[in-house]
Amino acid sequence: TKYCKMSRDLNISEKVLEYEAFVNDRLRSDLKAVLNCRDNLFSKIASYESLKACIEKMKQTPSEDMKALADLGCNFYCKAKIPDTSKIFVEVGLGFFVEFTLNEAHQFIEKKLKILRHDCDGLTEEAAQINAKIRLVLEALNEIQFLKSAERSPD
């Protein structure tokens, strides 16, 4: 009857709104969080790549001491003199720094980069899965709304 059809249309409309809210509130926020994590990993990878390049340059031109500009923050730099370039402190995670020889630091950075790239690949895959879920739900909603409009206007 007409009352049952209106009730069913109301239920469908409520479900459509629920799924739209799910996409906007849950899936899109999950996607944003995953992409932010991946961007942080990309930043770490860039830092380790830069350090690796510096270490390789230091290995090519060995010297007892070195002059450098130290970043104090907010684009303020000061001159620094490094008396011994045979060892370097590298952040290993959780705010801890370890003193390495240049060769040890190079090996550590290679391993760390491999791990970070693997984590990036995992986050990229996760982002792709979330995007696929968003597309699937939106296509299903479009299909439901198309069927609903086709029922209303019989030709």
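Predicted model: local features only at pLDDT ≥ 70, side-chain atom pairs only at ≥ 80, totals over all residues.

I started with the second largest pocket, which holds about 270 Å³ of space. Of the 15 residues lining it, Cys54, Met58, Met66, Ala68 and Ile82 are the closest to its centre.

Terms, before I forget: a pocket is an open set of points on a 1 Å grid over the protein atoms alone, where a 1.4 Å probe fits, with protein on both sides within 12 Å along at least five of seven lines; lining residues have an atom within 4 Å of a point. Volume is the space filled by probe spheres set on the points, which are joined across faces, edges and corners.

Residues are numbered from 1 along each chain as its sequence is written, and side-chain values use heavy atoms, without hydrogens and water.

Which elements supply at least two residues each to the second pocket's lining? I found H1, strand S1 (66-73), strand S2 (76-82) and S3.

Next, the largest pocket: about 330 Å³. It has 14 lining residues, with Lys44, Ser47, Tyr48, Leu51 and Glu91 closest to the centre. Helix H1 (2-60), strand S3 (87-93) and helix H2 (102-152) each give at least two lining residues, and H1 has the largest share, 6 residues. Helices (H or I, at least four residues) and strands (E, at least two) are DSSP runs, numbered from the N terminus.

Last, I checked confidence: the chain's mean pLDDT is 87, and 88% of its residues reach 70 or more.

How values were computed: pLDDT = per-residue confidence, 0-100.
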